[in-house]
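Visitor: I am new to this structure. Could you walk me through it and tell me what the terms mean as we go?
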There are 2 protein chains.
Amino acid sequence: MRALRYENDSLRVADVGMPRAEGEALVRVSLSGICNTDLEIARGYAGFRGTLGHEFVGVVEEAEGAGVLVGRRVVGEINAGCGRCALFAAGDPRHCAARTVLGIVGRDGAHAEYLRLPASNLLVVPDEISDERAVFTEPLAAACGIMERVDVEDGARVAVVGDGKLGLLCAQALAALSGASVTLVGKHESKLGIARRRGVETLRLDQLKGSTSARAFDVVVEASGSPSGFDLALSLLRPRGTLVLKSTFHGSTAFDSARVVVDEITVVGSRCGRFAPALELLKSNRVDVESLISEERPLADGVRAMARASEGGVMKVLLRP
Amino acid sequence: MRALRYENDSLRVADVGMPRAEGEALVRVSLSGICNTDLEIARGYAGFRGTLGHEFVGVVEEAEGAGVLVGRRVVGEINAGCGRCALFAAGDPRHCAARTVLGIVGRDGAHAEYLRLPASNLLVVPDEISDERAVFTEPLAAACGIMERVDVEDGARVAVVGDGKLGLLCAQALAALSGASVTLVGKHESKLGIARRRGVETLRLDQLKGSTSARAFDVVVEASGSPSGFDLALSLLRPRGTLVLKSTFHGSTAFDSARVVVDEITVVGSRCGRFAPALELLKSNRVDVESLISEERPLADGVRAMARASEGGVMKVLLRP
């Protein structure tokens, strides 16, 4: 089968064997999405080697012990636990030390004709949700995950820094699921417009100076993917406010630690979220994900699609096997 | 009166006028303590100019509208609010944007014969607490302040990084006030011994490699005063653990932000604490502060005392007017 591989420091579409994994379900991928994490991995980040991709929708072809899934359209949680530890037993393998992560840690990913995952990771996609929307379940779940980590109070003032696809999903998820007043801070009028149409206030970076936004927010989400986003996010926070870190960028980040101590800021790292709330949001059409699709390409064209996804201004690039 | 002043980029003991402030109480200082923040200010940090010092015990000589305080031995909370804002009204001026802070922001400090503070900032010192112990109320309150910011659960594994005076106070306060198992991580056997005698486990930095402490702690308190303490503290934390930042050091700190996101760490800045719990700890003799006193010098010798306080291995240096 065909797969988009990163190995020997280079990216290529290769013909590889079908994925193997004792007892796991086999999924034929219908559509996969390129995430910034894929781009970071292809720069050598995190030491992953193998098939890239962790955002997908597909159809189950085999599912030992979970035959009811065969033929169903599914999305899949990307962390697979060790099967033994306490975290796994508690139903949350996201921090299992021995976990594998689809297309990120020790497990071939979704930019391929087929993938394997434990059947317990798969969720059936309601009929109302098209493939083009369902493929956003994983990043939308990551956005919803903010609310697993932070108690966002009714009436809270929340800012999201970064108008890329991650920032747009975070801002929309917060507006849909919390009682907060949400402001998206970004550079691009066209991207900010997507959030505005879903009830999110927006602020262009060049309007920030002289505005009343300094130290005005209770919660700020850093989703810019840029190390400089951290200090900008800090500058927007009130004393004792909460800064949510969503971006993972390679290397070390510098920040004003005295500001964190003196203003008693809380910084909260947030990675993956549960899929169920994201599927609910997609089903009820409360989040615009279609506007985030920049283009769709065949999997065979994966290398060029990755280059395209890394260009400025381009948002989600989808791959169809 | 005599005061230890930082102005025109230099430190000196000068004869200055008595402190003036409409309606505030006048306190004759009995003893003051040199804090690392004083040393940072004397390096030009934070732009403060005036009389240094914020740790003191003294006797009230005037207190308009609070005559009951006159003649009483007191310590004083160091943040003085604007008198108008919501934070002030709620009884917590620590984050009032217009606050002054004794010897740190816009208000002459305690390394002097006299100081002024609002009478509402003063707390009477119980007779059981000697001046030499009472002068530790402010830094011990800052240590207790960790528990205002973080819910430390019974049985939690807590590490404190740094065996200086701040780390020793934090470790002892956590051991006395929480049901956690507390470990102090430091370099100096003699300092670690102080904590061990109060029921704190200890770990020398050179024993850390090969120990089972990596990713073993639920809460880690960074109190080393060194930028490298941040990454060490991160390395000790379990996924979804909490890192408490106590040190304020000048300039920016670099850290592995991907680690914070992937392991969903919570970083909590913690500055000042309320005085009442600290006075209780001192009264019940549950914390050893005497062992933290390296020496006492006359205020007139303040410049040399500051130089001494900045030497390696020296802990608390006290000044007597």
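Guide: Gladly, and a definition comes first: two strands pair if DSSP finds at least two bridges between them. Helices (H or I, at least four residues) and strands (E, at least two) are DSSP runs, numbered from the N terminus. This is a predicted model, in which local features need pLDDT of at least 70 and side-chain atom pairs count only at pLDDT 80 or more, while totals for chains, interfaces and linings use all residues. Residues are numbered from 1 along each chain as its sequence is written, chains are lettered from A in the order in which they are written, and side-chain values use heavy atoms, with hydrogens and water left out.

Visitor: What is the strand order of the open sheet in chain A?
Guide: The order is S2-S1-S4, three strands with antiparallel pairing. Strands S2 (10–15) and S4 (50–51) of chain A are the edge strands, since each pairs on one side only.

Visitor: How do you know that S1 and S4 of chain A pair?
Guide: Strand S1 (residues 2–7) of chain A and S4(A) share two bridges in the antiparallel sense, and at least two bridges is what pairing asks for. Arg5(A) stands opposite Thr51(A) in S4(A).

Visitor: Which helix packs on that sheet of chain A?
Guide: Helix H11 (residues 302–309) of chain A does, touching S1 and S2 of chain A. Contact means heavy atoms within 4.5 Å. The direction of H11 makes about 145 degrees with that of S2(A); axes are lines fitted to C-alpha atoms, for helices over the stretch in contact, and angles run from 0 to 180 degrees between N-to-C directions.

Visitor: Why are S2 and S4 of chain B said to stand at the edges?
Guide: In chain B an open sheet of three strands has the order S2-S1-S4, with antiparallel pairing. Strands S2 (10–15) and S4 (50–51) of chain B each have a single partner strand, so one side of each is left without a neighbour in the sheet.

Visitor: What makes S17 of chain A and S17(B) a pair?
Guide: Three bridges join strand S17 (residues 266–269) of chain A to S17(B), running antiparallel, and the rule asks for at least two. Thr266(A) has Val268(B) as its bridge partner.
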